[in-house]
Amino acid sequence: MRNPSRPEIIGSLAVAERAWDLTVLEDRVFIAAGESGIHIVSIQNPAKPELLATVDTPGKALDIWAEADRLYVADDAKGVHIVDWRNRPRIVSSVQTPGRATGLWKNGEFLYVADQRAGLQVVHCPLRKPPRLIGTVDTSGIATSVTVLDGVAYVADRQGGIQTISVENPARPEILSTTATLGQARSLKWFGGFLWAAADYGGVQVFQRGEGYRLHLLGIIDTPGVAWDVAGLDRHVVVADGKRGLQVVDMKHVPRLTVPKALDIYGVAQGLAAEGGQIFVAGGSQGLQILSNERDRLRFLETVDTPGKAIDVGLCCGRVFVADDSGGVYAIALDVSHSKIVDSVFLPGKLKRIVCSREILFVADLKGTLHLIDAKAGEKMHPIASLSVPTPLLDVAVVDGYAYLACGSAGTFIADVRRPDKARLVGKIGLPDYALPFACATTLSVTERQLYVANGRAGIQVYDLTRGEKPQIVGSLSTLGYAVSLAASGEHVYVDDLRSGLQVVDCRKPNSLQILGNLGANIKAKGMIVVGDELFVTSSMGGVLALPLPLEASHIQKDGPRYLEVRFPPLSLSDGKKNLVLPHAIVSP
């Protein structure tokens, strides 16, 4: 790590099982090696690490803490062991925990244990006395890691996010707050004055302490793999990133977000809809997830399971409709005590999108069929018509009797649905010749009389819908990478680009679109909607993100005919692997 931009392996040592965790003390490395127990390794010569001793443990060694002449080992279902490592290494005492000991942190005489489904355990470990379990508190998720600072324990609780727990009285730990993460919280570390969370597919997330023990999300590092652990080294963040190896990021290059609300849901977040302060998320194999959008957080309310995988969701006539990849659309009646499925209709194929317009459901089948379903209130759903279209059918937008169909590289098509029982294709939306080889229509968004199309490497296009059957292109913009999702609202269009992240586009003049700035992190959006003054995004990084609008944008000022001043906020660019930050104003004649 002498040159952090080029980390170099200088020595290695094979272990019999997986190396789950390690810690360093003096010139020794102590390795928690699963069913192989613990290994004690000399690194006096780092180029040739030498195995000195092995201590078998009855369980599966997952974490290790070293101090003086003692090691503390989290041994999965076999609890915690204390090992004398200097004099004939051996286990000298043990304590059984109620769950599966996975993560450790020691502070003074107290050992804090992340005990998976049993939450946080506190073990008193005085010198020359046997350890004993003195405190416990359950958490909502699966506790895998713990760190302690100023009398407060912070627990990585997988889908339970980050649990903040008072341990001022170690015998009576008390949960103070819960902070949702985007992705499952696996590991936590305090360094540089911030809490860093390795959040699985959610990359690394950076938090700052606020009032009342609350944590505020400041930024996200989207790593290319699966973030399992994180550490700080000087001015750098070092990430254990699953099969993508070790990632090193300069702390000053961590993008700063406008403080969002985030919630990791059960399942995989897909499409979403909103109404009356509630957010409805198609959660894949976990069905429909219903959230409450509150002032300072997203709160989970309930789940309504569907037979297959919930792919998209729409709202119509007081009911919620879920497109399920088992081949059906399910109508769900909302109830404060227990929402439930009240109707369904079978549709063959692989459903991708559902849109509600004037008591009709427009359901897109990925394999090339547009289904029209009657969804009048008080009546049983039934098919009206179906229409074959080019594959793949990825998105639908309906405006004044016309349906616009995003069909990938085949383009964007137009269907006349003024008479739903006689729906028919009437044309295809045109594109400039130079954009044709690069276009792949994936997502559509409509505001008033304009249609916005996310078109892959061709960026985004804007069409005037005054003549619904013959839309006219009025603007086009490259987004530097591959535009996959967008949401238009008011003066802005928010575009997720696979390479450069979430772009903020000024659309006041459609024939002169301008990128104002971006979020700095690639959030891999699956669905995007604007609700009031917030942008909601479902992300393949995990869960739902709510970003306050408007997002901060750059400022351009012309001073006479010879000078143009451009001031950027701390602007971050990402290619999905590295981040580039422009932190200061740029002034150029």
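**Exercises: strands and burial in a predicted model**

Leu246 is partly exposed, at 49% relative accessible area (buried means under 20%, exposed over 50%, partly exposed in between; 1.4 Å probe, protein chains only). This is a predicted model, where local features need pLDDT of at least 70, side-chain atom pairs count only at pLDDT 80 or more, and totals for chains, interfaces and linings use all residues. Residues are numbered from 1 along each chain as its sequence is written, and side-chain values use heavy atoms, with hydrogens and water left out.

**Exercise 1.** Explain why strand E14 counts as largely enclosed.

*Solution.* Count first: five of the five residues in E14 (residues 152–156) are buried, so the rest of the structure largely encloses the strand. Now split by direction. Val152, Tyr154 and Ala156 point one way; Ala153 and Val155 point the other way.

**Exercise 2.** Find the pairing partners of E14.

*Solution.* Pairing requires at least two DSSP bridges between two strands. E13 (residues 145–149) runs antiparallel to E14, with five bridges. Thr147 stands opposite Tyr154. E15 (residues 162–166) also pairs with E14 antiparallel, over five bridges. Here Ala156 faces Ile162.

Definitions and conventions
Helix = DSSP H or I, 4+ residues; strand = E, 2+ residues; numbered from the N terminus.
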